[in-house]
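Please consult the sequence and coordinates alongside the text.

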Amino acid sequence: MTSLADYEPVEPQGRATPLHFVMGYLAGTALYLLVRALGSLNPNPCQGQTLVALIVPLLLGPGGLGLAASQWNRPPRAIFGLGLVVASLFPALFFGAREIAGLRNFGCAGGYVVISPVGGKGFSETTLKAGQSLPLRLRIGGFDIKARPDSFTVRAQATNPANSVPAPVEVNVDQSSGVKLTQEVPLTVTAAATGPTQQYTVNVNVVQEGGRTAAGTLTVNVEGK
């Protein structure tokens, strides 16, 4: 019968030193720099950049922990894996999170358009009586003006399900081109005098040269006569 005394503990193979940890950290950092260098070759400033920012932390973190856990009886390899884990946090995850935030500021996740009454805060719904006009303001936000200060082109139109002539809701923008970020642009919404009681949607779309876009909507409840 086999007793506990017959089992001999597994002796650690090799001795871990701080150098093994440093080697793991440097290997992880080198992988991060390599992936970033390859990612910089992508001509599209938005497409695929999130993957580039996250792939290294996702590889180094679980991979380093797995290596450290599976090689516990080989201290040099285990401590090397811990170096990979630390590299997954800094610089990989730290700078990856900053790069993702930068994509948002650049406009890769889309900006926004705020529609508001004159001197008021942004709102999403209003009511007009037939024949009534309402002066409004629109403002573009959500982008980093330092990254790209180019102006925007603005297009605004209300839904017209029945293709009525004249349109039940007319939208006039005082400035349709050369609009800057945070600039307030006058916008007037007018309900037709003969329009029925119905709900319409004003769609505002802005486009910047290079592909950055943003959109905003306003629900208009028309009270017909």
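## Ile 79 and the helical region

Ile 79 is found in helix α3; helices (H or I, at least four residues) and strands (E, at least two) are DSSP runs, numbered from the N terminus. The model is a predicted one, in which local features need pLDDT of at least 70 and side-chain atom pairs count only at pLDDT 80 or more, while totals for chains, interfaces and linings use all residues. Residues are numbered from 1 along each chain as its sequence is written, and side-chain values use heavy atoms, with hydrogens and water left out.

At 22% relative accessibility, Ile 79 counts as partly exposed; buried means under 20% relative accessible area, exposed over 50%, and partly exposed in between (1.4 Å probe, protein chains only). Leaving aside neighbours within four places in sequence, Ile 79 is in contact with Ala 16, Thr 17, His 20 and Phe 21, where contact means heavy atoms within 4.5 Å. Ile 79 and Gly 64 are 15 residues apart in sequence, and their C-alpha atoms are 9.2 Å apart in space.

Helix α1 spans residues 18-39, 22 residues in number. From its first C-alpha to its last, α1 reaches 32 Å, close to the 32 Å expected at 1.5 Å a residue; the expected span is 1.5 Å times one less than the number of residues. The buried residues of α1 are Gly 24, Gly 28, Thr 29, Tyr 32, Val 35 and Gly 39. Because they cover an arc of only 125° around the axis, they lie on the same side of α1; the arc is that of the directions from the helix axis to the C-beta atoms. The face of α1 turned away from this buried side carries the exposed residues Leu 19, Leu 26, Leu 33 and Leu 38.

## Overall architecture and confidence

The protein chain contains 3 helices and 8 strands, and along the sequence they follow the pattern α-α-α-β-β-β-β-β-β-β-β. Of its 225 residues, 33% count as buried. The chain exposes about 13,200 Å², of which carbon and sulfur atoms supply 59%; accessible areas come from the Shrake-Rupley method with a 1.4 Å probe, and for residues only the protein chains shown count as cover. Among contacts with a separation of 6 or more, 70% join residues 24 or more positions apart.

The mean pLDDT (the predictor's confidence in each residue, from 0 to 100) of the chain is 87, and 88% of its residues reach 70 or more. Confidence is lowest in helix α3 (residues 75-106), at a mean of 88, and highest in β6, at 96.

## Nonpolar cores

A nonpolar core is a set of buried Ala, Val, Leu, Ile, Met, Phe, Trp, Tyr and Cys residues joined through side-chain atoms within 4.5 Å. The largest one has 27 residues, and those with the most contacts inside it are Val 169 and Val 202. At least two residues of this core come from each of β1 (112-117), β3 (133-141), β4 (152-158), β5 (169-173), β6 (185-191), β7 (198-208) and β8 (213-223). A second, separate core of 8 residues includes Val 35, Val 56, Leu 84 and Ala 87.

Not counting residues up to four places away in sequence, Val 202 touches Gln 157, Ala 158, Val 169, Val 171, Val 189, Gly 216, Thr 217, Leu 218 and Val 220. Gly 216 belongs to strand β8 and is buried, at 8% relative accessibility.

Ser 116, in strand β1, is buried with a relative accessible area of 8%. Beyond four places in sequence, Ser 116 is in contact with Lys 121, Gly 122, Phe 123, Leu 136 and Arg 137.

## Loops and backbone geometry

Phe 143 is found in the loop between β3 and β4 and counts as buried, at 11% relative accessibility. Thr 182 itself lies in the loop between β5 and β6, and Asn 163 in the loop between β4 and β5. The following residues have a positive phi although neither is a glycine.

| Residue | Phi | Relative accessible area |
|---|---|---|
| Asn 163 | about 50° | 63%, exposed |
| Thr 182 | about 70° | 55%, exposed |

Two peptide bonds to proline are cis. The bond from Phe 90 to Pro 91 has omega near 20°, and Pro 91 is placed in helix α3. The bond from Val 165 to Pro 166 has omega near 0°, and Pro 166 is found in the loop between β4 and β5.
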